[in-house]
Amino acid sequence: MSEQPTSLRRLVAPGELRGDLFQILGQPSPTDILLAAPGLLSPYSGSRFIIEQPGKRLHAEATHAYRAALLEQFAQGIDRLPQTAEWEDILRSWTSSIAAGEVRVRQVERFPLHSRLLSLADRSIIPQAPFALTTSSAENELAVELRGSEHTRARAWFTRHFDTAEPLEEDVLKCLEESWAGEYCTPRDLYYFSLTRYFESFVEGMNVDDDDNPMLDRLTDFQRSAYDYAKVILRRYGGVFLADVVGLGKTYIGLALLNYLKRRYGERAVVIAPPSVCPAWEELGHDLDIDLKTISLGKLEELEEYTDREIVVIDESHNFRNAGTLRYETLQRWLRPDESASQRKILLLSATPQNNRPEDIRNQIALFPDNYTKLPYEDRDAWFRDVAMGRASLRDLLQHIVVRRTRRDIVRSYPDAKLRVRVGPGKYEVRPLEFPTRRSGEEQCLRYSLDSTYGKQFYVELLEAIRTMRYPLQGVGRYLHEDAEGDPRVSDLRRGGNSVRGLFKVLLLKRLESSIEALHNTLVRLDDKLAHGLKEVEQGRVPLPPRAKSSEEADDDAPNSLPVTLFKSEQLLGDIRADKQVVSSLVHQVKILKVRSDEKFERLIDYLNQRPPKQHKTIIFTQFADTAHYLAAKLGELFGRTEVVTGASSGIIKITRRFAPKANRGRQSDLDTEIDLLISTDTLSEGVNLQDADTLINYDLHWNPTRLIQRAGRIDRLGSEHDEIHICGFVPQRELEADLKLIEILQERIREFIEVFGEDNNILPGHERPDIDQVQAAYTGAVLDAADASDDLDGLSRHSDELVRLRKAEPEYFARIMEMRPGRRAVSQIGPSVVATRCGWYWEFWTPSNKVELTRVNTSEAFELLRRHAEAGEAASLEPDENDRDLVERARAQFEPLVELFRQRRLEPQLSKIELYVLDRLEQYRKKSPESKRQLLGRIEAWVKGGSAQLVLRKQAQLWKREKLTPAVIVEEARLLMARFPAQEEDLGDPEVVGTVFGRVRTKPEPPAKP
């Protein structure tokens, strides 16, 4: 390049280097740009020195601080410019001119310059305000125009400083080249850059050198990733869902978190778990020197002994999905005594946190503490109603609080993962992480004939009896006199009675299918209960049904009774006598069946002969203890050592060690009495390690896929040394169905059962209501396959795993991605296009639905789209489709109004009536308060309107209202509450375009050949 004479160059001292400077200056003719401190509109490190001593020589620290701030603000300004063809042309033109040396940029380092100058060949302008499009015409601000000798003097002033200034072209050029207007990056770059932005707090906590937790040596790579991610969630929300699918080691991740919280904050935990799981927590806590106490689900009253514990771990937390249970109410009372706020951290562990309804998740989240960042909704109840109605996505919430990976995620993200396996006392081996191949589905279904088991005619009679019986003792509410409805003793009795009646039908049908023994025992108990009930009613008392929680509990004895005068006694007595006659007859007929050959049991014998438990360690699951003991008695030691576990069993941990000594660190004595065949109720379906076994048999008809997943997870889990595992299920069929396909048989059974339930089917809990799709998925293995795939509960854990993998495998590339700036663009050889926008932690993703309109895409789906673009690889000579040229600005135009609405809702969420009551009392106090109190009242009002501690305030305000506190007392109470739960500042920043992948692409035309 030939040197341009200085007299012909445009000289610019703009004060600050803004992104819009190039538009102000127009075409990039030969130009020199001189920059010097202070020259920035925003304060920066070192600017105070210049303000206080404006003419003093700058020290190196202030100079370097100015340069860094100058370039940072310049880059941010460019990133915020509209991504239009016009701006792209402007920025690329100036980039080319700087690269060619036509435009020079320098910085004065030794002293500050406060002057601004725009000098053209014939005149100079000294603006008295920051540069703008009107600078040369001086329409609004005062500006001095110089000509002649003063113009010459101004250019000499500029040249004198410019000649001694330090070149800044390379830095400015880098800012331009790395902006959205620079070269396209790759779709892979965009995918990982979006992840680093989305998981900012997670990435910030990824420095392994900062965590000296000794438990980390015991975790696999993917467990370590879950641990790191869970720490971030805990810091923000005070609670976390550890929801990896069964068999991936959630317990060890939870223990690592407890060790971290103890070492970092001195906090200790109480663990709530099923009885069969508590001993494992206690033993692991002892071995790993982690201070924890355990309480079984049935003994929550013991929580009062642990009020000094700051952490609550709930293993198999789906047991707290129903807010109407006694166990849930007991836990909430302990967490929030006297309706006060809870400050205890919550760790929820469950592979199946949602059973049927979004409320399952809602009720578990309600256990989270009250003194952390609000979850991303304004009103929890309203938000979950929207989810139930399909107006909101549960995933949009769960992605913030759930750590969940499926096996497919682990295999994809950690192909070389290793597992540390204990092989003896103090001895471990490192083995490749491998999952056994699961054999399930139609080929593992064991058919048997209901007609042969019960007799064709008697089976029909059984169904008809179950359908037509009145169940008077289970539905006594139907017999209430009309004038008794207002009696408080019978509140909800009619509705509750119908529910118990329906559950009792469930119980009878399930026991009928389970075994003759189970049905017989149930009928005998029912016969006795009817005889007892008949006697009580004749003596003037009506026994009440229990508060049923599940079908297994529906036939418990009812401890309470009411006077018969409240009921239509003659009708009640008639129905009791009628049912008693039917049940007594059934008891007699079923007793006769017990001495006959049992078709279902014989089918089990055939299967065990084909896969003998001595060679294929086997566990049989049944829902009922009666069936479990029946099978054990019939099988004896025919297939090796056999044991039974039910809810009433003692020494369960010893039995599991004898059955699965490798998985449970058994001792020599366990090996000497090792069990070959284990028969269990669902007591062992949660939380225990039984992967020494390779065969699992579900003896009863599958009604609840969630329970099936939990059972399968006992043997299909990390640490299994089997190449294959077999999961089998019994299929009840009629003789006429012998040639039908599996699905047709299942449809017939479900249809039969629905006919038996009749009107009761509509009031049954979801997990007790037969559903052909659910049952079909259970028997075809689809439900187990789905559990291993992605689902609505996965949060975004598998994508955070990608960052962990990238950081480890490609540290240099990871560091480069971390340095990328927002707004970058990529082109892809597959569709559709995706634009990522965010404001703080509020994100929206957009994809074109046509040439004009954009559609919002939920976060998980959007990241899957970005991943697919990344995996499609790069393609040469691509550029965006013409229809996508304005895609980014269309997305920005739709996003910014949503941001304003979001800000408004976060800053001023919708208030409930009780919060409006508090504001009204504050206003009453304001009218009579002294001036000195006005400022405090203003802070309290802002705190109430801001909703920082909405749940806490609502609970406390209910007490204030109930106790009729005066406005003055409410002000003081609110002040104390505000001090305990101060407003949480939430700086969302400005809306920004994170990045864009143009998915509709065309081949860039080749340039014409040179002549």
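Visitor: How are α15 and α32 oriented to each other?
Guide: This is a predicted model. In it, helix α15 (residues 394-401) packs with helix α32 (residues 859-871) at an angle of about 75°. Angles of 65 to 115 degrees count as roughly perpendicular. So α15 and α32 are roughly perpendicular.

Visitor: How far apart are the axes of α15 and α32?
Guide: The two helices pack against each other, with α15 covering residues 394-401 and α32 covering residues 859-871. Their axes are apart by 8 Å.

Visitor: How many residues of the contact of α15 with α32 are nonpolar?
Guide: From α15 come Arg395, Asp396 and Gln399; they meet Thr859, Ser860 and Glu861 of α32. Three residues of this contact are polar and three are charged.

Visitor: Is Ser119 buried or exposed?
Guide: Ser119 sits in strand β4 (residues 117-119). Its relative accessibility is 0%. Buried means under 20%, so Ser119 counts as buried.

Visitor: With which side chain does the side chain of Ser119 make a polar contact?
Guide: Ser119 touches Arg9, Arg10, Leu11, Ser124, His151 and Arg155, leaving aside residues up to four places away in sequence. The polar contact between side chains is at 2.8 Å, and the partner is Ser124.

Visitor: How many disulfides does the structure hold?
Guide: Cys175 is buried, at a relative accessible area of 9%. Cys278 is buried too, at 6%. A disulfide needs two cysteine sulfur atoms within 2.5 Å. The number of disulfides in the structure is zero.

Note on methods. Residues numbered from 1 in each chain as written. Predicted model: local features only at pLDDT ≥ 70, side-chain atom pairs only at ≥ 80, totals over all residues. Heavy atoms only, no water. Axes fitted to C-alpha atoms, helices over the stretch in contact; angles between N-to-C directions. Helix = DSSP H or I, 4+ residues; strand = E, 2+ residues; numbered from the N terminus. Parallel < 35°, antiparallel > 145°, perpendicular 65-115°, else oblique. Contact = heavy atoms within 4.5 Å. Nonpolar A, V, L, I, M, F, W, Y, C, P; charged D, E, K, R; others polar. Buried < 20%, exposed > 50% of the residue type's maximum accessible area, 1.4 Å probe, protein only. Polar contact = N/O pair within 3.5 Å; in protein donor to acceptor, adjacent residues only side chain to side chain.
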